[in-house]
Amino acid sequence: MRIYKEFQFEAAHFLPTAPAGSPNARVHGHSFRARVTIDGVPGADTGYVFHFDELAQTMAEAQDALDHRLLNEVEGLEAPTLERIAIWLWNRLQNRVPGLAEIEIARDSCGEGAVYNGPAPSRLAAE
Ligand SMILES: Nc1nc2c(c(=O)[nH]1)N=C([C@H](O)[C@H](O)COP(=O)(O)OP(=O)(O)OP(=O)(O)O)CN2
Ligand SMILES: [Zn+2]
């Protein structure tokens, strides 16, 4: 079973590789939504996969690192596309959230988003 929790953040950014003169090359802001999805089996006694309160604490720390920031100044987000933010959040949460299955970063105002399910499995040594 999959469960999820979301948080919002408002942040500024620019895309350093955008062509000069493009609006994307200028600092501008968006409202972002992050969804963290966990895959697991509800505990026989607890009835939950992972307690939302525990997840909320971890997510609050990530939210604080992103909210009302210039994302380009956040370590690892020098090119802060939706895709890069999704990977950044995955890397931040992967050791702290058992069963982490998916990160979605969305800009709902323009119907855009990126969904990341973690790195592709590494090739078998025999290959
Ligand atoms: N594959 C991607 N393409 C683009 C991304 C991205 O993250 N991944 N990001 C951008 C820029 O951030 C750009 O600002 C998005 O612009 P646009 O789609 O025009 O949306 P708005 O600026 O209109 O968003 P509002 O929040 O509605 O103002 C470009 N491409
Ligand atoms: Zn933008």
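**Ground rules.** I am reading a predicted model, where local features need pLDDT of at least 70, side-chain atom pairs count only at pLDDT 80 or more, and totals for chains, interfaces and linings use all residues. Residues are numbered from 1 along each chain as its sequence is written, while chains are lettered from A and ligands numbered from 1 in the order in which they are written.

**The UniProt record.** An unreviewed UniProt entry lists His13, His28 and His30 under "binding site". They span 18 residues in sequence, yet no two of their C-alpha atoms are more than 8.2 Å apart, so they gather at one spot. I keep in mind that such annotations may be inferred rather than shown by experiment.

**His13.** I find this residue in strand β1 (residues 2-13). Is His13 buried or exposed? His13 is buried, as 23 other C-beta atoms lie within 10 Å (buried takes 20 or more, exposed 12 or fewer, partly exposed in between, with C-beta atoms placed from the backbone).

**His28.** This one sits in strand β2 and is exposed, with 11 other C-beta atoms within 10 Å. Beyond four places in sequence, His28 is in contact (C-beta atoms, placed from the backbone, within 7 Å) with Ala12, Phe14 and Pro23.

Key. Helix = DSSP H or I, 4+ residues; strand = E, 2+ residues; numbered from the N terminus. Contact = placed C-beta atoms within 7 Å.
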